[in-house]
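Hello,

Here is the structure I said I would pass on. My notes on helix packing and salt bridges follow it.

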Amino acid sequence: MRDYYINGRQVVGMVDLRSDTFTQPTARMREVMANAPVGDDVFGEDPTVNRLEELAARKVGKEAALFVVSGTMGNLIATLSHTRPGDEVILGAHSHIYGYEVGGLARIGGLMPRLVDDAAGTIRPEQVLAALRDDNIHYPPTSLVCIENSHNMSGGRVTDVAGIQALAAVVHERGLRLHMDGARVFNAAVALGVEVTELTQPVDSVMFCLSKGLSAPVGSILAGDGEFVARARKFRKIVGGGMRQAGVIAAAGVIALEEMVNRLKEDHARAQRLAEGLSHIPGVQVMDSNYQTNILLIDIKGTGLTAGQFVTELNELGVRVLTRSETALRAVVHRHIDDEDVDQVIAAFEKVAAV
Ligand code: TLP
């Protein structure tokens with residue numbers, strides 16, 4: 001538990017489960033940020049950014065990496081770099097790229113989304129095969145498939161190594177590229193007990209966020225082969241993402257990768273404990289058993305309250321979550337949530353559900 005600032009007001013003792021994006025930089029991050037050697041990164045001369053990009057590429061088993069402002073920017077640049085305007089991109093109807101990135105791939109990339117059902121948290125090879133069009137004068141060319149791992153909207157579900165490999169095989173056989181929105185790919189790897197490289201090596205590019213569960217204040221990484229990253233670097237400049245002494249923020253990213261990955265298992269264990277505690281409350285249901293990582297979707301239909309009402313009541317009890325639909329909530333466990341907080345959240349849900 002920590003004190004939060006909401007609309008500029010300090011709220012003491014709030015348990016904030018709205019997102020892992022609310023994590024604050026660690027003391028070590030602030031220290032290295034203050035002392036980071038920096039240069040002009042548009043000229044490739046920021047030693048800390050270069051260090052982060054080399055480390056990040058190595059971590060995900062790719063030739064090169066690019067430090068970008070946000071996950072949204074990383075995904076946009078990836079789709080631009082893999083395609084030409086007018087191409088079709090196959091992606092999930094519940095994916096973050098399709099639903100939560102302001103339609104950038106259409107507005108900026110001139111790309112046509114072709115949606116497949118990823119409500120279960122993944123995309124299977126046969127779905128891609130069914131969505132692929134023939135070579136016909138009426139059709140746009142398809143050049144890219146995107147998968148999300150872990151998958152936000154399904155409650156942080158993961159696609160395992162075999163699932164990624166099978167998808168990559170089909171995508172590559174058809175001459176297409178595969179991009180992974182791996183905003184939380186380290187959560188996926190930790191949950192599966194595999195090296196993150198096993199999940200990222202089969203894909204052509206991966207974006208992951210330093211600023212979510214890994215606690216860096218700002219920034220994401222886009223990684224792939226050297227040629228891809230060179231193209232991506234140009235597109236980053238086009239969208240205004242060329243930064244100057246960015247080592248100040250990249251320094252925290254180095255700590256995120258070196259020190260913050262292994263502790264994600266603590267978040268997953270607490271998410272599991274929270275899920276179990278909530279599932280005993282009448283009218284409250286953790287959706288499926290989809291608490292593989294740090295995101296819980298919680299159905300509160302049985303309480304007779306709307307999600308909006310439930311959120312307001314929880315707020316009064318010092319607990320913040322987001323609505324996911326009229327009858328569902330999303331709670332995300334992260335570094336500032338300890339065991340006591342989990343107990344407080346369960347008690348708050350019990351109280352609200354009993355009203
Ligand atoms: N997700 C945020 C919100 O935008 C919903 C959150 O709180 O979960 N891919 C995935 C899978 C994401 O969950 C997010 C952020 C992004 C990309 C975008 O990252 P940012 O916020 O850095 O642009």
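Helix α3 (residues 71–82) packs against helix α10 (residues 226–238) at an angle of about 120°, with the axes 9 Å apart. Axes are lines fitted to C-alpha atoms over the stretch in contact, and angles run from 0 to 180 degrees between N-to-C directions. Helices are DSSP runs of H or I with at least four residues, strands are E runs of at least two, and both are numbered from the N terminus. M73, I77, A78, L80, S81 and H82 of α3 touch F228, R231, A232, F235 and R236 of α10 (contact means heavy atoms within 4.5 Å).

This is a predicted model, in which local features need pLDDT of at least 70, side-chain atom pairs count only at pLDDT 80 or more, and totals for chains, interfaces and linings use all residues. Residues are numbered from 1 along each chain as its sequence is written, and side-chain values use heavy atoms, with hydrogens and water left out.

There are 17 salt bridges (a side-chain nitrogen of Lys or Arg within 4 Å of a carboxyl oxygen of Asp or Glu). One of them joins R184 and D20 at 2.8 Å, N to O. R184 is in the loop between β8 and α8 and D20 in the loop between β3 and α1, so the pair ties together parts 164 residues apart in sequence. R184 is buried at 5% relative accessibility, and D20 is buried at 0% (buried is under 20% relative accessible area, exposed over 50%, partly exposed in between, with a 1.4 Å probe and protein chains only).

D339 also bridges to R270, at 2.9 Å between the closest N and O atoms.

Regards
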